[in-house]
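I set out to record what I looked up in one protein structure. The entries follow the order of my reading.

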Amino acid sequence: MTTGTPPPTDPKRSRARTLVPLAIAAWAVLEIWLLTVVANAAGGFTVLLLLVAGIVLGAAVMKRAGRRAFSNLTQTFQQMPGQPGAATAPPAEGSGGKGNGFLMLGGLLLMIPGIVSDVAGLLLLVPPVRSWLGRYAERSLERRMRAATPGSLSDAFQQARIHRPDGKIVQGEVIREDGAQPGARHDEGPRPPLTP
């Protein structure tokens with residue numbers, strides 16, 4: 001007996017889910033190969049010193065960026081309207097903590113063992129590179145926000161919640177026939193335990 005509906009098909013795997021693991025594996029192989037090349041050319045002790053220096057420098061950069069972010073957050077809370085001693089004018093545009101995220105990412109890349117990650121981390125420590133990446137990320141986010149369908153964040157969570165694992169959507173509405181208010185309890189006794 002057939003119902004006329006096609007059998008459920010597996011959803012297609014996105015490109016990102018396919019390419020990201022391959023890119024990570026290729027990056028790891030490249031890092032290991034570069035470390036062996038540098039070890040053959042300069043010696044294993046030099047490679048060890050480079051790795052330790054990267055870890056120490058990365059930790060110092062992340063610590064500094066974290067302190068700057070906390071200081072900026074404290075300053076923002078102090079300048080909120082209604083706070084004692086709050087400034088009447090809004091803070092200047094350039095005084096915020098833009099670039100702290102890229103500084104922390106640079107520190108993290110420096111802490112990851114490898115030559116390519118160290119070079120990328122050092123590039124993120126250069127202020128013009130950070131500002132260019134910040135502008136690029138901001139423009140990209142604005143483009144994506146303009147292309148997105150209107151709706152609130154709660155609408156997105158609601159839509160994600162009503163999809164069943166097999167891809168079917170269950171639409172429904174709760175109608176109370178007894179006229180009780182939502183959230184009101186008829187009995188004040190203990191509730192029975194939940195069972196699966």
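The entries below go from the whole chain to single residues.

**Entry 1: the model.** I noted that this is a predicted model, in which local features need pLDDT of at least 70 and side-chain atom pairs count only at pLDDT 80 or more, while totals for chains, interfaces and linings use all residues. Residues are numbered from 1 along each chain as its sequence is written, and side-chain values use heavy atoms, with hydrogens and water left out.

**Entry 2: secondary structure.** I looked up the elements and found six helices and zero strands. Read from the N terminus, the order is α-α-α-α-α-α. Helices (H or I, at least four residues) and strands (E, at least two) are DSSP runs, numbered from the N terminus.

Entry 3: How much of the protein is buried? Of the 196 residues, 12% are buried; the term stands for under 20% relative accessible area, with exposed over 50% and partly exposed in between (1.4 Å probe, protein chains only). The accessible surface is about 16,400 Å², and carbon and sulfur atoms hold 66% of that surface. Such areas come from the Shrake-Rupley method with a 1.4 Å probe, and for residues only the protein chains shown count as cover. I then looked up contacts (heavy atoms within 4.5 Å). Among contacts with a separation of 6 or more, 56% join residues 24 or more positions apart.

Entry 4: I found F45 in helix α2, which spans residues 44-78. F45 counts as exposed because its relative accessibility is 60%. Together with L48, L49, V52 and V56, F45 forms a nonpolar patch on the surface, with about 510 Å² of accessible area in total. Patches consist of residues with over 30% relative accessible area and no salt bridge; like charges are joined within 9 Å, and nonpolar side chains (Val, Leu, Ile, Met, Phe, Trp, Tyr) within 5 Å.

**Entry 5: helix α3.** I located L108 in helix α3, residues 100-111. With a relative accessible area of 41%, L108 is partly exposed. L108 and M62 are 46 residues apart along the chain, and their C-alpha atoms are separated by 7.2 Å.

Entry 6: Which side chains meet in a salt bridge? I found that those of E142 and R146 do, at 3.7 Å, N to O. A salt bridge is a side-chain nitrogen of Lys or Arg within 4 Å of a carboxyl oxygen of Asp or Glu. A search of the whole structure gives one. Both residues lie in helix α5, four residues apart, about one turn of the helix. E142 is partly exposed at 38% relative accessibility, whereas R146 is exposed at 62%.

I also noted a patch of positive charge on the surface, made by R135, R139, R143 and R144. Lys and Arg count as positive and Asp and Glu as negative, with His and the chain ends not counted; the place of a charge is NZ of Lys, CZ of Arg, CG of Asp or CD of Glu. R135 sits in helix α5, residues 127-147, and is partly exposed at 44% relative accessibility.

**Entry 7: S131.** S131 is also found in helix α5 and is partly exposed, at 35% relative accessibility. S131 and F102 are 29 residues apart in sequence and 9.2 Å apart in space, C-alpha to C-alpha.
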